[in-house]
Amino acid sequence: MLNKDNGSLLSGLDKEAVKQLFSRPLNNVNVNLDNLKQRVLRVKASSKNSKLYLYQAKIKKLIVEKNCNLTIDLRDNHFVDTVIVKDNFSGTINLSRNTISTIEFADNCRCNLTIHGSLKCFKLSFGDVFSGSLDIEDSCFHLLKVGYYCYADIKLQDNWGSKTVRIGNSFRGSLTMNNVLVPDIEIGDDCKGDIAISSRDEDMGAKHLNLADEFNGRIDLSGCQTVEAVDVGSHAGGKLNFAGCPSIRVLKFDECFKGEAQLSDSAIEYIHAKEGCEGSFILFNCRNLTLMRLPRSDMHRMDTDLTPLKIERGGRHIYYHFQERSLPAHYFKSGYRGMLKGLKKYIKKHLSSPNL
């Protein structure tokens, strides 16, 4: 009979022993499966306090069922392609230097996940209420998506990818990105997390950052040389630090901005805030600032050493002109993303009503 409950390391198991071991939940077992040749390895639900060493295991797919507490080491595995982790997982997973292409976590997972030096581009998604930590370095991801109410610490360093980094609504964790080459970064509604984006040069990083409605966290782009445009949704607050950012050109706020935007010594050219703005704009030594379009009210605050060349009033806005030059037309267009955002707002407000 296989003894699997004493916490000792089991290795060199034959096929029948592995079948017996994984036919029921693991409990306080440490097992090395380097000799395993099996297309799919499935860990039973409610497996607890166990460690799986899968360095050379010849498996294509690993499935971890619900309510497991495990340490899984897949470093240097050149066979594995897919890892699926179901609800309520807690533990540690290391996927460094392997051939993974798909990683899916379900809801309520608390995991410390490490991926350094991936050998293939992968898709990584987390469900709702992800906590713990995510550390990706020197790797390629085609998709990185995190669900609702994440409060994990996410660190992305020297990575590249073909799709947007998308963080879901009610983010409460920290996101640190350094030299991450992706098209865009999207942060969902009701973010109260800390976000820092930096880069060594203008060729390594995202060009656009989108913060959805009710942002009330902290953003630091002071060390970023790539992000050119930032869009902030309605009813936003928090602190936005773009001080010294050499890449920022356009900053747009939807209705009712009440936060603080620090833009001193940056390359900002155009700022637009819609109705209800009560926010603060700090704009010392902004030599490229050309136009500010603010609502016709005295609720917002502007601290600057610049003097407008001309002030115009039109409709519900005041236009502060600081330089005699024209800005590119695309600075003023909402584009596809703006139209999509407006459509989502309309659906949320009108079509989701219980009276319909």
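Aromatic pairs come to 10 in this predicted model, where rings of Phe, Tyr and Trp (its six-membered ring) pair if their centres lie within 6.5 Å, and planes under 30 degrees apart count as stacked, over 60 as edge-to-face and the rest as tilted. One of them joins Phe105 and Phe126, with 4.7 Å centre to centre and 20° between the planes, and is stacked. This pair links distant parts of the chain, since Phe105 sits in strand 9 (residues 102–105) and Phe126 in strand 11 (residues 122–126), 21 residues apart. Strands here are DSSP runs (E, at least two residues), numbered from the N terminus. Phe105 and Phe126 are both buried, with buried meaning under 20% relative accessible area, exposed over 50% and partly exposed in between (1.4 Å probe, protein chains only). Ring pairs also bring in Phe130, giving a cluster of Phe105, Phe126 and Phe130.

Then there is Phe257 with Phe281: the ring centres are 5.9 Å apart and the planes stand at 50°, so this pair is tilted. Phe257 lies in the loop between strand 23 (250–253) and strand 24 (260–262), while Phe281 belongs to strand 26 (residues 280–283), so the pair ties together parts 24 residues apart in sequence. Phe257 counts as buried because its relative accessibility is 0%, and Phe281 counts as buried because its relative accessibility is 0%.

As for strand 3 (residues 40–43), Leu41 and Val43 make up its covered face, and Val40 and Arg42 its uncovered one. Strand 3 pairs with strand 5 (residues 61–64) in the parallel sense, over 4 bridges; two strands pair if DSSP finds at least two bridges between them. In this pairing, Val40 stands opposite Lys61 of strand 5.

Now for the holes inside. A cavity is a set of points, on a 1 Å grid over the protein atoms alone, where a 1.4 Å probe fits but cannot get out, and lining residues have an atom within 4 Å of a point. Grid points are joined across faces, edges and corners, and a volume is the space filled by probe spheres set on the points. There are 2 cavities of 30 Å³ or more. The largest has a volume of about 40 Å³, and its lining includes Met177, Ile197 and Thr226. Strand 16 gives the largest share of that lining, 3 residues.

Residues are numbered from 1 along each chain as its sequence is written. Local features need pLDDT of at least 70, side-chain atom pairs count only at pLDDT 80 or more, totals for chains, interfaces and linings use all residues, and side-chain values use heavy atoms, leaving out hydrogens and water.

How values were computed
On a 1 Å grid over the protein atoms alone, a cavity is a set of points where a 1.4 Å probe fits but cannot get out, and a pocket is an open set with protein on both sides within 12 Å along at least five of seven lines; lining residues have an atom within 4 Å of a point.
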